[in-house]
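Q: I am new to this structure and would like to learn how to read it. Could you take me through a few features, one at a time?

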Amino acid sequence: MADSRRSAGLRGTCASTVRTPSGRCRKAKFVAEYQDRPVPSYDSCTFGIETVDEGRLIGLVGLGDTQHDIGTSELTVYIGETDGRGRGFGTEAVRLMCRYGFDRMGLRRIQLWVADGNAAAIACYLKAGFVEEGRARRTFRSGGVWHDMVLMGLLEDELR
Ligand SMILES: CC(C)(COP(=O)(O)OP(=O)(O)OC[C@H]1O[C@@H](n2cnc3c(N)ncnc32)[C@H](O)[C@@H]1OP(=O)(O)O)[C@@H](O)C(=O)NCCC(=O)NCCS
């Protein structure tokens, strides 16, 4: 990829070299789940997001809950290394994962739920071509405030 500072690669192998500093339980749990995940299949797959220049694992992206009869799957993405956020990696990983879903898994549609206050995630999804399709109002509580959960969807010809 042209600019290695803004390039991420997807890697399907185990993240066993990742250190998980104590106190960062959420990240440790996430990495542990990644290490124990089932072998990637067309039902569910999780990939590590590595920086191309350093080969450093900075996050995970995946598709799951696939319904083959209607060709849909649900996207998740997480940049666990906070210094990896806001540098374009999330958007690139989402684009790569969706392209994999459409080309390799035969999907017609990819969807996700995101809290309406998660501006970075929503911006990232919009850039990849997702559109808002609906809302479950006040179903997520954070910091004592109720938020809507936004349903976003992407059809194959909308990926950009
Ligand atoms: C959501 C997430 C995957 C986005 O990945 P990222 O690499 O940080 O995002 P990108 O750098 O690709 O940025 C995408 C867009 O969001 C914008 N953005 C980034 N941080 C932002 C913020 N805090 N507020 C508003 N917009 C923001 C960027 O400006 C960029 O748009 P631009 O290129 O037009 O400027 C990442 O921040 C993350 O893992 N967050 C925690 C987990 C999470 O929320 N996952 C999603 C659950 S639904």
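Q: Where is the place of Asp65?
A: Asp65 lies in strand S3. Helices (H or I, at least four residues) and strands (E, at least two) are DSSP runs, numbered from the N terminus. Before we go on, residues are numbered from 1 along each chain as its sequence is written. This is a predicted model, where local features need pLDDT of at least 70, side-chain atom pairs count only at pLDDT 80 or more, and totals for chains, interfaces and linings use all residues.

Q: What is the phi of Asp65?
A: Here is the general idea: most residues other than glycine have a negative phi. Asp65 has a positive phi of about 50 degrees although it is not a glycine. Arg138, in strand S6 (residues 131–142), also has a positive phi, near 50 degrees, and is a residue other than glycine.

Q: Why does Asp65 count as exposed?
A: A residue is buried if 20 or more other C-beta atoms lie within 10 Å of its own, exposed if 12 or fewer, and partly exposed in between, with C-beta atoms placed from the backbone. Asp65 counts as exposed because it has 12 C-beta neighbours inside 10 Å. Arg138 counts as exposed because it, too, has 12 C-beta neighbours inside 10 Å.

Q: Which strand does S2 pair with?
A: Two strands pair if DSSP finds at least two bridges between them. S2 pairs with S3 (residues 57–67) in the antiparallel sense, over six bridges. In one of these, Gly48 has Leu60 in S3 as its bridge partner. The two strands form a hairpin with five residues between them, and Gly55 in the turn has a positive phi of about 65 degrees.

Q: How many residues of S2 are buried?
A: Strand S2 (residues 45–51) is mostly covered, with six of its seven residues buried.

Q: Which residues are closest to the ligand?
A: A residue is near a molecule if its C-beta atom, placed from the backbone, lies within 6 Å of it. Here 20 residues surround the ligand, and the closest are Arg85, Gly90, Thr91, Ala120 and Ala123. H3 gives the largest share of this shell, six residues.

Q: Where is the place of Thr82, and is it buried or exposed?
A: Thr82 sits in the loop between strand S4 (72–79) and helix H2 (89–103). Thr82 is exposed because it has 9 other C-beta atoms within 10 Å.
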